[in-house]
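Hi everyone, thanks for making time. Please have a look at the model on the screen, and then I'll walk you through a few of its contacts.

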There are 2 protein chains.
Amino acid sequence: MQRYKCVISYDGSGFSGYQVQPNKRTVQSELEAMLAKMHKGASIKVVGSGRTDAGVHAKGQVIHFDSPLAISEQKWEIALNSMLPEDISVLSVLKVDASFHARFAAVRKEYRYILHLSPKRDPFQRKFAYQYPYGLNVDSMREASKFFLGTHDFTSFCSAKTEVEDKIRIIEAIDFINGGDLLTLRFVGNGFLYNMVRILVGTLLAVGSGDLLPEDIPVILEKKDRRFAGKTAPAQGLYLWEVFY
Amino acid sequence: MQRYKCVISYDGSGFSGYQVQPNKRTVQSELEAMLAKMHKGASIKVVGSGRTDAGVHAKGQVIHFDSPLAISEQKWEIALNSMLPEDISVLSVLKVDASFHARFAAVRKEYRYILHLSPKRDPFQRKFAYQYPYGLNVDSMREASKFFLGTHDFTSFCSAKTEVEDKIRIIEAIDFINGGDLLTLRFVGNGFLYNMVRILVGTLLAVGSGDLLPEDIPVILEKKDRRFAGKTAPAQGLYLWEVFY
């Protein structure tokens, strides 16, 4: 058996998320169906760095799997891409030690959230950015974002359905990248809870639109109650950008 | 009756082209269905600047229609966008004289064709650019493109199915725009025949890959025979960019 680490990219708009669900088209089930074909029907388990929700994209999701097939990394990449549907792409394949684990070995993740600020609806952005044409005070958003940096209990900033106990995470960076009528919010941290990036974005939008003040952020963190934070921003603006090991 | 000129944009990937066809989802039929709803079922004919094929996109297609409704330009824009599906957007609405005609009054058109040059498949580009990872000599393509400029009989560069008699057109500009792993070919001319831009691109790709020489272009123009030009490049890279009046 050889363990393989793959970096994959997918357009999330055609998937019910990353993780296998009965009777749904998911990234993991497409990957496992394809590997089963390559292994004469034998079931090969694919482990991802984490889930992404329905409609959420990935520029650099990481997965691993074990295979008895003796194929070079380059040939794996060609074979996987030729068998996968067009909305998933394998960007690289690397032979790794059996101690590597896509989920448990991840030390840092980068997510990006793309806002489309134009008042004009853009058919080419509708699945790839969240249109927010109402005007934003980006300076306030930047000020607010600083309160998220460092180590915090993010109970207020994750779905009430979150199952993990420990809700303390470290956010290392939040950057704002301007590009024409697109505004990209970049989040780097040691881990993100369920819906956390989308709730951080929804809360920053509440600040940018004047519904919240930057100084409200430490208060909301302190509350440890999801109801005090902003809305969960829609899935189509979110990208799992890179996973670090 | 008031005539309205609208600039519209659409993601062509969900349409069987611009023009109405029985039992197919087309841009024109979506527009006419929506206008019929606004006019209590009365049929309103929509006239476009020209057709686009299945999968071809538009950044600035122009249409006109006549309506008895007394609505301001701004309200038309809001109403149309609220009723149209998400893959069509109305960018502007202008009251025009009844002598305006979206097709016959057009004096110039700009098309763009986007090539994705990376060897890595990109799920986000698959419907919006043509992946061509085989290497291209762009200098040769540029040299070849000069032979297309000016007034020529483009019989060799349109579909054999083209119905119009007069195949003489003027190409005013062909530009190459580099942007990372995207190469955009920009075509401006007084009119383009059926499949003409896609055949021009396919022929320039044949030059860029070494299958044809720049000097072959005048010979192919002279032949007036579709079989001597390059392949028809795929629809998904093509954008009707702007129509000038």
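Let me begin with a question: which residue forms a salt bridge with Arg3(A)? The partner is Asp66(A), and the closest N and O atoms are 2.8 Å apart. By salt bridge I mean a side-chain nitrogen of Lys or Arg within 4 Å of a carboxyl oxygen of Asp or Glu. This pair links distant parts of the chain, 63 residues apart: Arg3(A) sits in strand E1 (residues 2-10) of chain A, and Asp66(A) in strand E3 (residues 57-67) of chain A. Helices (H or I, at least four residues) and strands (E, at least two) are DSSP runs, numbered from the N terminus. Over all chains, the whole structure has 22 salt bridges.

A quick word on the ground rules. This is a predicted model, where local features need pLDDT of at least 70 and side-chain atom pairs count only at pLDDT 80 or more, while totals for chains, interfaces and linings use all residues. Residues are numbered from 1 along each chain as its sequence is written, chains are lettered from A and ligands numbered from 1 in the order in which they are written, and side-chain values use heavy atoms, with hydrogens and water left out.

Now to the interface. Here 24 residues of chain B are in contact (heavy atoms within 4.5 Å) with 24 residues of chain A. Together the two chains bury about 2000 Å², 51% of it on carbon and sulfur atoms; that is accessible area (1.4 Å probe) lost on being put together, summed over both. Arg121(B), Phe124(B) and Arg126(B) supply 39% of what chain B buries against chain A, more than any other three residues.

How many salt bridges cross between chain B and chain A? The rule finds 4. Asp11(B) and Arg126(A) meet in a salt bridge through their side chains, at 3.0 Å from N to O. On the side of chain B that touches chain A, strand E1 (2-10), strand E3 (57-67), H2 and strand E4 (88-96) of chain B each supply at least two residues.
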